[in-house]
Every structure is written in C-alpha cells, then in structure tokens.
Amino acid sequence: MKWAAFLSTAFIIILITLYEWPRMKQKPVKDKLALISLLLIGLLLSMFNLQEMAGPTSWIEALFRPLGEFMER
C-alpha cells in the first residue's frame, strides 16, 4: 500500500465532504448516503495498488487450472 496515495486521497475526500456537505443538508437521506458511500469506496480502492493487481482473467485461470489438469487425465 502506498501511504502517500492513501493519505492524499483521504485529504481530498475530506475537502470534498467539507465543500459539499452544506449543500447536501437540503437533500434527502438517500443522496447523502450515496455521496458518503461513493467517497468511502474511493478511499477503499486507494488502499490497493490496482495497477499491479492481477485481473479477473488471472483469478479465473488460477481457479480453474486444477480442474483443467484433472480433466486432461
């Protein structure tokens, strides 16, 4: 995990929250929850090094490789 990217993302999320929250006071609860959930998802994704992570194709290949070897026998 790159701490600089995580901390800078957390700082930007705090700035977005401080800027948008006064405008959100008049909005329904669903809109507030949507804003908070999207910001938290962004914060969560900043914790992972997504450029270096294996994609879904690699995961599927790792999952089904033993099954393929078993079927070849």
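Glu20 is partly exposed because its relative accessibility is 23%, where partly exposed covers the range between buried (under 20% relative accessible area) and exposed (over 50%), computed with a 1.4 Å probe and protein chains only. The model is a predicted one, in which local features need pLDDT of at least 70 and side-chain atom pairs count only at pLDDT 80 or more, while totals for chains, interfaces and linings use all residues. Residues are numbered from 1 along each chain as its sequence is written, and side-chain values use heavy atoms, with hydrogens and water left out.

**Salt bridges**

Side chains of opposite charge can pair when their charged atoms come close. A salt bridge is counted when a side-chain nitrogen of Lys or Arg lies within 4 Å of a carboxyl oxygen of Asp or Glu. The count by this rule is 2 salt bridges.

| Salt bridge | N to O distance |
|---|---|
| Glu20 and Arg23 | 3.9 Å |
| Glu61 and Arg65 | 2.7 Å |

Glu20 and Arg23 both belong to helix α1 and sit 3 residues apart, about one turn of the helix. Arg23 is partly exposed, with 46% relative accessibility. Glu61 and Arg65 are separated by about one helical turn, because they are 4 residues apart in helix α3. Glu61 has a relative accessible area of 46% and so is partly exposed; Arg65, at 44% relative accessibility, also counts as partly exposed.

Helices are DSSP runs (H or I, at least four residues), and strands are runs of E with at least two; both are numbered from the N terminus. Helix α1 covers residues 3-24, has 22 residues and reaches 30 Å from its first C-alpha to its last, close to the expected 32 Å. The expected span is 1.5 Å times one less than the number of residues. For α3, with 17 residues, the reach is 24 Å, close to the expected 24 Å.

In α1 a kink of about 25° lies at Leu18, shortly before the proline Pro22. In α3 a kink of about 40° lies at Phe64, shortly before the proline Pro66. The bend at a residue is the angle between axes fitted to the seven residues ending there and the seven starting there.

**Buried residues and their cover**

The buried residues of α1 are Phe6, Ala10, Ile13 and Met24. Their cover includes α2 (29-46). Ser46 lies in α2 and is buried, with a relative accessible area of 15%. Apart from neighbours within four places in sequence, Ser46 is in contact (heavy atoms within 4.5 Å) with Phe6 and Thr9.

**Surface of α2 and beyond**

A nonpolar surface patch of about 910 Å² is made by Leu38, Ile41, Leu44, Leu45, Met47, Phe48, Leu50, Met53 and Trp59. Patches take residues with over 30% relative accessible area and no salt bridge, joining like charges within 9 Å and nonpolar side chains (Val, Leu, Ile, Met, Phe, Trp, Tyr) within 5 Å. Accessible areas come from the Shrake-Rupley method with a 1.4 Å probe, and for residues only the protein chains shown count as cover. Helix α2 gives the most to this patch, with 4 residues. Ile41, in α2, is partly exposed at 46% relative accessibility.

Leu40 is also placed in α2 and counts as exposed at 52% relative accessibility. Leu40 and Gln26 are 14 residues apart in sequence and 21 Å apart in space, C-alpha to C-alpha. Arg73 is in the segment after α3 (56-72) and is exposed, at 80% relative accessibility. Between Arg73 and Leu39 there are 34 residues in sequence and 50 Å in space, C-alpha to C-alpha.
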